[in-house]
4 protein chains.
Amino acid sequence: MATNIKKIAVLTSGGDSPGMNAAIRSVVRTCAFLDVECVAIYRGYDGMIEGDFVPMNARSVNNIINKGGTILKSARCEEFRTPEGRKLAYDQLIAEGIGGFVVIGGDGSFRGATTFNEEFDFPVIGIPGTIDNDIFGTRYTLGFDTALNTVVDAIDKIRDTASSHNRLFFIEVMGRDVGHIALNAGVAAGAEEILIPEENLGLERLLDSLKRSKKSGKSSSIVVVAEGDKIGKNVFELKEYVEEHLPIYDVRVSVLGHMQRGGAPTAFDRVLASRMGVKAVEALLEGKTNLMVGIMDSKIVLTPITEALRGHTKIDKELIRVSDIMTT
Amino acid sequence: MATNIKKIAVLTSGGDSPGMNAAIRSVVRTCAFLDVECVAIYRGYDGMIEGDFVPMNARSVNNIINKGGTILKSARCEEFRTPEGRKLAYDQLIAEGIGGFVVIGGDGSFRGATTFNEEFDFPVIGIPGTIDNDIFGTRYTLGFDTALNTVVDAIDKIRDTASSHNRLFFIEVMGRDVGHIALNAGVAAGAEEILIPEENLGLERLLDSLKRSKKSGKSSSIVVVAEGDKIGKNVFELKEYVEEHLPIYDVRVSVLGHMQRGGAPTAFDRVLASRMGVKAVEALLEGKTNLMVGIMDSKIVLTPITEALRGHTKIDKELIRVSDIMTT
Amino acid sequence: MATNIKKIAVLTSGGDSPGMNAAIRSVVRTCAFLDVECVAIYRGYDGMIEGDFVPMNARSVNNIINKGGTILKSARCEEFRTPEGRKLAYDQLIAEGIGGFVVIGGDGSFRGATTFNEEFDFPVIGIPGTIDNDIFGTRYTLGFDTALNTVVDAIDKIRDTASSHNRLFFIEVMGRDVGHIALNAGVAAGAEEILIPEENLGLERLLDSLKRSKKSGKSSSIVVVAEGDKIGKNVFELKEYVEEHLPIYDVRVSVLGHMQRGGAPTAFDRVLASRMGVKAVEALLEGKTNLMVGIMDSKIVLTPITEALRGHTKIDKELIRVSDIMTT
Amino acid sequence: MATNIKKIAVLTSGGDSPGMNAAIRSVVRTCAFLDVECVAIYRGYDGMIEGDFVPMNARSVNNIINKGGTILKSARCEEFRTPEGRKLAYDQLIAEGIGGFVVIGGDGSFRGATTFNEEFDFPVIGIPGTIDNDIFGTRYTLGFDTALNTVVDAIDKIRDTASSHNRLFFIEVMGRDVGHIALNAGVAAGAEEILIPEENLGLERLLDSLKRSKKSGKSSSIVVVAEGDKIGKNVFELKEYVEEHLPIYDVRVSVLGHMQRGGAPTAFDRVLASRMGVKAVEALLEGKTNLMVGIMDSKIVLTPITEALRGHTKIDKELIRVSDIMTT
């Protein structure tokens with residue numbers, strides 16, 4: 001080992017996502033395996049500032065791999081955005097003898113971590129836990145696969161009733177800045193149209209597509225809409241617009257909402273979390289810092305957090321084309 | 001057999017519910033078993049008026065018992081509410097040689113059926129297919145059990161994320177006139193409070209209950225709200241109200257919406273549908289008419305449709321008490 | 001209150017079933033609501049004999065309503081079958097100041113409870129927790145509905161692959177003495193034949209039925225077999241027999257096994273558990289004893305445990321008839 | 001377009017897997033989009049030999065994306081292994097005017113396809129549809145992700161009951177030659193030990209590991225065993241062995257069996273199938289042949305079928321290490 005880190009802390013921060021518990025478990029067990037002490041920090045950076053630390057051993061994380069949410073709680077912390085807040089946090093970590101921490105969260109959490117690292121030269125490693133799949137440097141974020149399946153299950157159910165009544169549904173899914181959930185769920189659920197933040201197809205094309213779908217004899221139409229779609233209308237406004245301009249449809253709306261964040265993680269997310277947790281601890285012990293664990297080309301890799309924060313992963317053009325073909 | 005009915009028709013009408021396909025299958029297979037012809041009517045009473053009939057045999061309903069929605073489509077039909085519309089429907093049935101029909105639907109569909117029966121002395125039997133469980137004369141309607149499980153699964157998921165962030169959620173579930181889904185799902189999902197159309201607990205009590213829940217150390221609060229709750233506020237207004245009067249909570253809202261109507265039916269709904277379909281066909285062949293099939297005290301029974309239309313099944317006082325105790 | 005019971009104990013015993021945790025939660029919360037102390041006994045009667053008691057309050061049972069298994073662990077206890085073992089248990093209960101206990105389990109557990117009650121005049125109430133639904137005095141046992149849905153989901157999956165290959169499957173489900181799971185799951189999953197302990201249809205009829213099914217053009221055949229079927233052959237022997245006597249089929253076997261005991265309880269089982277727990281505590285506090293809580297005609301009722309032990313609930317003849325008709 | 005293929009055929013062959021219907025749908029819709037005729041071949045190569053062809057249009061594949069199994073049926077075909085059988089098949093394809101086919105299946109199906117291609121210079125493209133994930137040239141086969149989740153769900157359920165009784169379970173999962181399902185499911189379900197065909201850890205190590213697990217205070221133990229494990233004992237023999245050599249455990253066995261092949265495909269498998277189907281048709285139209293579509297580094301790629309048949313994808317050493325660490 002390249003460092004003399006004796007104790008590692010783990011926390012979850014920001015919006016929760018399925019697989020966070022599996023990642024916590026992996027960090028804790030890897031510490032146990034490598035004979036390093038492990039401490040859990042509750043309630044994200046709030047808990048760090050307040051010294052809400054609990055020692056963990058391999059048994060502390062029994063039976064959590066399949067649980068949604070995070071046993072460590074999570075929060076967005078205003079105080080950690082101030083130098084004073086971060087100083088308090090640093091003092092707590094030092095007092096506890098912690099030599100590095102693993103933070104599981106999204107870009108907001110990583111911004112805090114990298115600033116903290118730069119200010120105090122304190123070792124930090126990030127694990128991307130967010131359902132949005134919008135973090136640069138990893139093909140998949142923790143929770144994306146689970147959220148996708150939750151969305152697809154819900155749309156399958158809505159399809160049943162849509163087909164029975166020849167209805168058109170606008171279904172809003174999460175994704176303020178990126179359309180990964182919308183695009184993948186739309187393809188997987190056989191949506192007739194998909195509206196994402198990355199593209200503005202225009203309302204004309206939407207009406208054309210819906211007309212074509214109706215004419216082709218489809219018994220129902222599903223339009224999946226990302227929260228942040230660029231068409232400039234939310235699902236309720238889209239309903240009104242279509243009812244006015246294309247009165248052949250009985251239109252309904254569904255906003256899937258927070259259920260997308262919960263639920264038992266899929267096999268994929270559990271395996272990914274387990275792999276990422278191992279890598280995070282190993283990286284700290286090898287003296288690495290200010291890095292995010294990711295998966296690229298099916299391999300677990302490390303990317304500078306500053307790099308990860310530079311932008312969002314792009315929507316796959318090929319998948320947009322597949323989507324266009326499937327809605328023939 | 002007490003009648004000379006040679007051909008029976010089956011249709012679904014009104015809002016769809018899980019288990020309708022299992023009931024269709026049962027009607028068709030029972031006809032086949034008893035050597036009576038069977039005809040499917042598509043798109044509810046609309047299809048009856050237009051003569052949209054398709055002959056069915058035992059194989060026509062292979063592999064549908066586990067499908068949500070209705071393969072026969074469903075609709076609310078304005079024309080059937082007029083004497084002229086019903087006369088057209090009658091002529092179509094007679095022309096096709098149909099001696100009686102089974103209608104699977106809710107109270108709107110039954111109202112049409114009983115009027116039709118009275119006008120033309122035409123044999124009709126109803127099967128209560130609606131997720132609301134609001135039909136007099138049956139302990140359970142088809143689809144209620146499935147919808148309940150869909151709601152509870154969704155709330156379980158929301159609970160994961162609510163617990164991770166110590167949040168309060170108002171979750172709207174279906175039930176305009178009755179609170180069966182809200183009350184049962186609320187108890188099953190461990191909701192802290194349940195607002196139903198049958199009771200007005202008042203906003204004061206809601207605030208008290210939420211305060212108590214917070215004080216007792218609960219990590220999250222879930223309030224299940226039926227669409228038709230009597231408290232006079234929808235979930236969005238409730239959020240505002242609580243944020244204003246009880247600013248200790250981070251409040252979120254979720255409207256579960258149409259996914260509650262779809263999905264593969266539960267074992268209970270499939271068995272219930274199978275039993276109801278047999279009884280419906282047997283009743284017609286025994287010369288009975290204007291009756292609804294129901295389940296009471298675990299037995300399949302018949303109730304006059306006029307009786308079934310008289311009111312909604314009451315909320316179980318004992319279950320309200322259980323709910324109060326559980327939220328201690 | 002008719003008694004001066006100040007402290008109530010709760011334990012789970014025998015084979016576990018989904019809904020046990022929901023029942024534990026209900027007992028604990030009802031005690032809290034009625035201001036009676038509550039104590040959990042771990043590992044069934046073993047824990048009673050060893051005094052493995054843990055005080056419970058309303059918060060001890062947070063977030064367990066949706067968990068399979070039992071947080072109190074369960075076991076079959078040989079020692080409790082002896083007078084010496086029971087005396088040790090009695091002494092422990094008295095030493096702890098416990099005035100009565102609620103045991104959640106099956107008939108083995110009830111036999112112990114009723115003997116104990118008779119020997120020491122100690123108040124006991126039983127809650128029927130077993131997936132087999134074989135307890136006299138209740139229409140449904142806790143866990144039956146969940147197990148049924150688990151079985152039906154599994155058969156739905158097997159049907160997919162059976163249909164793709166025109167195969168015949170023998171699927172073994174739980175039920176040594178009674179065929180409730182087999183019969184209900186068979187009807188719900190559209191099985192072509194169902195073999196239960198209560199009936200011996202004979203191998204001839206099975207072959208006839210399979211021949212008929214093949215001839216009618218079905219693309220696959222599913223035969224659901226209860227562990228304790230009376231036909232005298234297990235699923236592996238049935239496979240051999242059919243392959244020898246009816247070589248038109250490609251035959252496979254599946255034994256569903258212990259997964260039937262686990263999983264998150266259904267909405268039905270959670271509500272039932274909540275209602276039963278309330279009734280159990282109330283009964284003890286009203287001075288009642290040696291009774292089992294059950295549900296009959298949708299009402300929560302009490303039956304003498306001695307009565308409950310007298311036999312198994314009968315298979316519903318009407319449902320057997322429905323099954324016969326559905327396999328037309 | 002580089003070819004003058006006017007009509008493309010699609011078939012499924014060998015063991016079925018979830019996602020096959022989504023792939024069929026994609027092939028059919030891509031043909032429609034690119035204005036090429038499409039024909040379905042029923043029952044694999046059997047149907048090719050018998051000319052069991054059905055023309056498909058975009059609507060023929062409505063509402064199948066979420067269905068398990070294959071609507072085209074599948075089979076292993078002896079006759080296609082003979083030159084005579086393949087000649088018959090060729091004549092049928094030519095008579096129908098088919099210019100190339102897409103076969104969805106495993107290595108057996110690909111062997112047939114490549115031989116056929118070499119004999120008749122007939123354009124063929126393969127899509128890897130098998131739950132085993134054992135095909136060279138693709139990181140994921142169609143159905144693997146779904147099967148994995150099915151296995152993990154089942155183990156989660158078994159864990160519930162195992163924990164309640166402090167039991168040890170040996171759970172057999174599919175995988176005769178490769179341990180991908182066992183290893184991934186084992187990690188995802190938190191198994192204490194995983195036995196795969198690629199490694200022989202020896203019975204000594206198994207006993208040691210079980211002893212350690214017991215000592216560490218785990219409340220249950222799950223050992224996941226691939227069908228083709230190299231330890232030389234099946235799950236029943238393992239049970240006997242452990243009961244004899246380590247009598248501290250109450251040991252049970254579960255064979256998950258054919259349910260692993262069925263069920264609605266996951267979002268991942270549906271998206272993968274959609275992408276692969278597009279690529280397969282495009283490849284044929286570009287004049288490519290004797291290739292298999294795969295996914296490598298998240299990109300859809302083509303590999304010579306002869307290459308794909310050369311071996312199995314290797315187990316990930318890093319994942320074995322993760323597994324070892326997690327079972328600390």
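Colleague: Into which domains is chain A divided?
Modeller: The model is a predicted one. In chain A, one domain is made of two separate stretches of sequence, 7-143 and 265-308, and the other is 145-260. The division is therefore domain 1 (7-143 + 265-308) and domain 2 (145-260).

Colleague: How many residue pairs are in polar contact between domain 1 and domain 2 of chain A?
Modeller: The C-alpha centres of these two domains of chain A lie 35 Å apart. Even so, 10 residues of domain 1 are in contact with 10 residues of domain 2. No salt bridges are counted between domain 1 and domain 2 of chain A. With both residues at pLDDT 80 or more, the count of residue pairs in polar contact is seven.

Colleague: Which three residues supply 52% of the area that domain 1 of chain A buries against domain 2 of chain A?
Modeller: Between the two domains of chain A about 790 Å² is buried, and carbon and sulfur atoms give 59% of this area. Of the part that domain 1 buries, 52% is supplied by three residues, more than by any other three: Ile131(A), Asp132(A) and Thr266(A).

Colleague: How much area do chain A and chain D bury between them?
Modeller: The size of an interface is often given as the accessible area lost when the parts come together. Here 51 residues of chain A are in contact with 51 residues of chain D. Carbon and sulfur atoms account for 54% of the area buried between chain A and chain D, which is about 4200 Å².

Colleague: Which residue of chain A forms a salt bridge with Glu318(D)?
Modeller: Across the interface of chain A and chain D, eight salt bridges are found. The cut-off for such a pair is 4 Å between a side-chain nitrogen and a carboxyl oxygen. In the pair that includes Glu318(D), the closest N and O atoms are 2.7 Å apart, so the pair meets the cut-off, and the partner is Arg275(A).

Colleague: Which helix of chain A gives the largest share of the side that touches chain D?
Modeller: The interface of chain A and chain D holds 16 residue pairs in polar contact, both residues being at pLDDT 80 or more. On the side of chain A, at least two residues each come from helix 1 (20-33), helix 5 (144-165), helix 6 (180-188), helix 9 (267-285) and helix 11 (317-326). The residues of this side divide into 19 nonpolar, 16 polar and 16 charged. The largest share, eight residues, comes from helix 9 of chain A.

Notes: Residues are numbered from 1 along each chain as its sequence is written. Chains are lettered from A and ligands numbered from 1 in the order in which they are written. This is a predicted model: local features need pLDDT of at least 70, side-chain atom pairs count only at pLDDT 80 or more; totals for chains, interfaces and linings use all residues. Side-chain values use heavy atoms; hydrogens and water are left out. Contact means heavy atoms within 4.5 Å. Buried area is the accessible area (1.4 Å probe) that two parts lose on being put together, summed over both. A polar contact is a pair of N or O atoms within 3.5 Å; within protein, one must be able to donate a hydrogen and the other to accept it, and residues adjacent in sequence count only if both atoms are side-chain atoms. Helices (H or I, at least four residues) and strands (E, at least two) are DSSP runs, numbered from the N terminus. Ala, Val, Leu, Ile, Met, Phe, Trp, Tyr, Cys and Pro count as nonpolar, Asp, Glu, Lys and Arg as charged, and the others, Gly among them, as polar.
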